[in-house]
Amino acid sequence: MDRRTQKSKNPESGKEENNEKKKEKGMQIEGYQVEGLSIGGHETCIIFPSLNLAFDIGKCPQRALSQDFLLISHGHMDHIGGLPMYVATRGLYGMKPPTIIVPTAIKEDVEKLFEVHRKMDHSELKHNLIGLDVGEEFFLRRDLKVRAFRTYHVIPSQGYVVYSVKQKLKQEYFGLSGNEIKNLKSSDYLHYYSTRSCFYWRYNV
């Protein structure tokens, strides 16, 4: 009986182990871990933890709080409703002010939104708000930038492409020593080339 009981448990324990592995692995796109949810009309927030960014904020899921960069596609509440909570909670935890990218068309309204919440909450709600037009780019960090592209919705909206960026020595300076290169201005001997990353974010209905 003990053996039969032991045998009956093994398949279940194996399933549990597989489920745990699946949970740990999660969804991946071209090697990038992806988390979040998207329920039309209720909440959308897509997170790329390895890049430290989220697309849209939904109702501000807890996992999104640790992302330093937030890219907003448009002003519908299921995509932007949790924005004040995102900034306020990061401030409460002593985290650095996040960088928030929004369509230029709604930047002024977002600024007004924060002013209202500052007045009610009596807090600073520190953040860096960037308005980005279609076709414009912004460096998230030295080796990563984002470009906005047009999407079509009932209100102004846009998607985002994220690029990895590298510096490359100009061919005419090949063979120089490290000290000789240091004596040159970076703009003289370096140029940028970008490689499109594996993903982009857009929201269309």
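**Figure 1. Salt bridge between Arg-118 and Glu-115 in the predicted model.** In this predicted model, Arg-118 and Glu-115 form a salt bridge in which the closest N and O atoms are 2.8 Å apart. Both residues belong to helix H4, where three residues, about one turn of the helix, separate them. Arg-118 is partly exposed, its relative accessible area being 24%. Glu-115 is likewise described as partly exposed, with a value of 48%.

Figure 2. Strands S5 (residues 69-71) and S6 (residues 99-103) are joined by three bridges in the parallel sense, and Leu-70 is placed opposite Ile-100 in S6.

Figure 3. Val-87 is located in helix H3, which spans residues 83-92. With a relative accessible area of 2%, Val-87 is buried, because the cut-off for this class is under 20%. Beyond its neighbours within four places in sequence, Val-87 contacts Pro-98, Ile-100, Phe-114, Leu-125, Lys-126 and His-127. The C-alpha atom of Val-87 is 8.3 Å from that of Leu-65, a residue 22 places away along the chain.

**Figure 4. Salt bridge between Arg-90 and Asp-68.** The structure contains nine salt bridges. In one of them, the side chains of Arg-90 and Asp-68 meet at an N to O distance of 2.7 Å. This pair links distant parts of the chain, with Arg-90 in helix H3 and Asp-68 in the loop between strand S4 (53-55) and S5, 22 residues apart. Arg-90 and Asp-68 are both buried.

**Figure 5. Salt bridge between Lys-145 and Glu-137.** The closest N and O atoms of Lys-145 and Glu-137 are 3.0 Å apart in this salt bridge. Lys-145 counts as buried at 12% relative accessibility, whereas Glu-137 is partly exposed at 41%. Elsewhere, salt bridges with shared partners join Asp-68, Arg-90 and Lys-96 into one network.

**Figure 6. The aromatic pair.** One aromatic pair is present in the structure. The ring centres of Phe-48 and Phe-55 are 5.7 Å apart and the ring planes stand at 90°, so the arrangement is edge-to-face. Phe-48 and Phe-55 are both buried.

Notes:
Residues are numbered from 1 along each chain as its sequence is written. This is a predicted model: local features need pLDDT of at least 70, side-chain atom pairs count only at pLDDT 80 or more; totals for chains, interfaces and linings use all residues. Side-chain values use heavy atoms; hydrogens and water are left out. Helices (H or I, at least four residues) and strands (E, at least two) are DSSP runs, numbered from the N terminus. Buried means under 20% relative accessible area, exposed over 50%, partly exposed in between (1.4 Å probe, protein chains only). Contact means heavy atoms within 4.5 Å. Two strands pair if DSSP finds at least two bridges between them. Rings of Phe, Tyr and Trp (its six-membered ring) pair if their centres lie within 6.5 Å; planes under 30 degrees apart count as stacked, over 60 as edge-to-face and the rest as tilted. A salt bridge is a side-chain nitrogen of Lys or Arg within 4 Å of a carboxyl oxygen of Asp or Glu.
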